[in-house]
Amino acid sequence: MESLLIKGGVPLHGEVTISGAKNAVLPIMAATLLTSEPCVIRRAPDLSDVTFMGQILTSLGAQVSIAGGTIRVQAAKIKEVGDYELVRKMRGSICILGPLLGRLRRACVSLPGGCIIGPRPIDLHLKGLAQIGAKITIEAGYVRARAPRLTGGEVFLGGRVGPTVLGTANVMMGAVLAEGVTIIESAACEPEVVDLADFLTAMGARISGAGSPTITITGVKELHGAEHEVLPDRIEAATYAIAAAATKGEVTLLGCRPDHLHAVLDKLHDAGVKTERRGTALTVRRGGRLKPVDVTTLPYAGFPTDVQAQMTVLMALTPGISVITERIFESRFMHVSELARLGADIAIEGPSAIVRGGKPLSGAPVMASDLRASAALVIAGLVAKGTTQVKRIYHLDRGYERIDEKLRKLGARVERVEEP
Ligand code: EPZ
């Protein structure tokens, strides 16, 4: 397994190009199952999750090629079964359920396992697909869905903590080939849902309201192939913005969408971070002494749960008390115990992390756990005195394209090594 060895204390300076969004490209890859014609997806990030989704599509019978940021898929003839060994390893693969149902009127997909940030139920996915005509059973760890007729219908996707992103994607992809009109209420509003809707529309789907809590889909007979450029990854952008502020540097993010970052930029501004926007370029620098801020994660357009761990690190560096409350996932504080090994002073009180910021960090070996917790440990290592070894960085490679190369280009002393 590989580690990152980070020698802290270097302010990041320079430009970093933001890659295509992981959480957009995965459902868009699944959507190619909805047509027998070839599809081309550009600006695809070079991530292990993308490679993995390609393997899943191939296992379903599609022809897939991934090279130089372009994915070509042709699902001419496909089968209905999503393999347990493949699906259980990546939560995002559950989004093959909707397109298989839409294309074949039947699907058999392994229930995704839970993961380290908490149980990952799919009750809302199944409820939504049933509301457009699917007959759903759970047998031997598989979801079996049958739909003699996908009729469209009224769907409500609000759960106990708000909408579901991939649940909205699944129902949208099941509804585009249904015989009637589907109205999804309490739909997820994330930009990645809008990007998927744009791709489906390019394929000939009829969708309105994507990005709002109410999405209307009028079913069509069939969809054709399409080309699409994936939107920039707002979570990657937020991660590098926070790294710039944490290291007292100045970094310009190129090819990003600052309009997808309002909640993050609002909190960074409150903390004293300065930013300057020029189109799709965003320059971030620490404007002097940081101030503690409280953060609560919410569905979009609120503060994203995928940036919670990174923000916790910034507050650990900020003298004063900050309260970081996680409202989306049950246990998304794995980074806290590892940050404590570097000297951070954070106490967990139920859904909140009470950060007593301003303690100096010193390097130590730490263990990556989930994707975003791992990014938080990297940011902490960039600041900590001495050397930090972030172990098991396969977690990072799932969602951050060539993170060590991008950081070295910004002046960081980071190297990827085989774990002894
Ligand atoms: C997507 O996961 C993202 N992943 C996650 O990013 C992100 O954290 C999450 O949305 C929330 O924004 C991808 O897009 C591949 P949800 P998703 O369904 O769709 C509960 C990352 O680091 N829920 O919106 O799986 C669920 O337990 C990853 O890039 C139900 O109760 O998340 C959670 O508490 C991590 N029933 C909340 O809703 C359901 O049927 C939000 O989950 C579905 C979800």
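1. Asp49 has its place in helix H2, which spans residues 48–59; helices here are DSSP runs of H or I with at least four residues and strands are runs of E with at least two, numbered from the N terminus. At 4% relative accessibility Asp49 counts as buried, a word that stands for under 20% relative accessible area, whereas exposed stands for over 50% and partly exposed for what lies in between (1.4 Å probe, protein chains only). Leaving out residues up to four places away in sequence, Asp49 touches Lys22, Leu26, Met90 and Arg398, where contact means heavy atoms within 4.5 Å.

2. On the basis of these remarks: this is a predicted model, in which local features need pLDDT of at least 70 and side-chain atom pairs count only at pLDDT 80 or more, while totals for chains, interfaces and linings use all residues. Residues are numbered from 1 along each chain as its sequence is written, and side-chain values use heavy atoms, with hydrogens and water left out.

3. On the overall form, the secondary structure of the protein chain comes to 14 helices and 24 strands. Buried residues make up 59% of the 420 residues, and among contacts with a separation of 6 or more, 73% are accounted for by residues 24 or more positions apart.

4. In soluble globular proteins, nonpolar side chains tend to be buried together.

5. How many residues of H1 are buried? Nine of the 10 are, so H1 is largely enclosed by the rest of the structure; among them are Lys22 and Leu26, both of which are also touched by Asp49. Leu200, for its part, touches Ala31, Leu34, Met172, Met173, Val176, Ala205 and Ile207, not counting residues up to four places away in sequence.

6. Gly9 lies in the loop between strand S1 (2–7) and strand S2 (13–17), and at 56% relative accessibility Gly9 counts as exposed. Although Gly9 and Ala384 are 375 residues apart in sequence, their C-alpha atoms are 6.5 Å apart in space, and the contacts of Gly9, with neighbours within four places left aside, are Leu382, Val383 and Ala384.

7. Some backbone details deserve a careful look, given that most residues other than glycine have a negative phi, and most peptide bonds are trans. A cis peptide bond, with omega about 25 degrees, joins Tyr300 and Ala301, and Ala301 is in the loop between strand S18 (295–296) and helix H10 (308–316). Ala140, in the loop between strand S8 (135–139) and strand S9 (142–146), has a positive phi near 50 degrees and counts as exposed at 78% relative accessibility. Arg392 has a positive phi of about 55 degrees and is partly exposed, with a relative accessible area of 33%.
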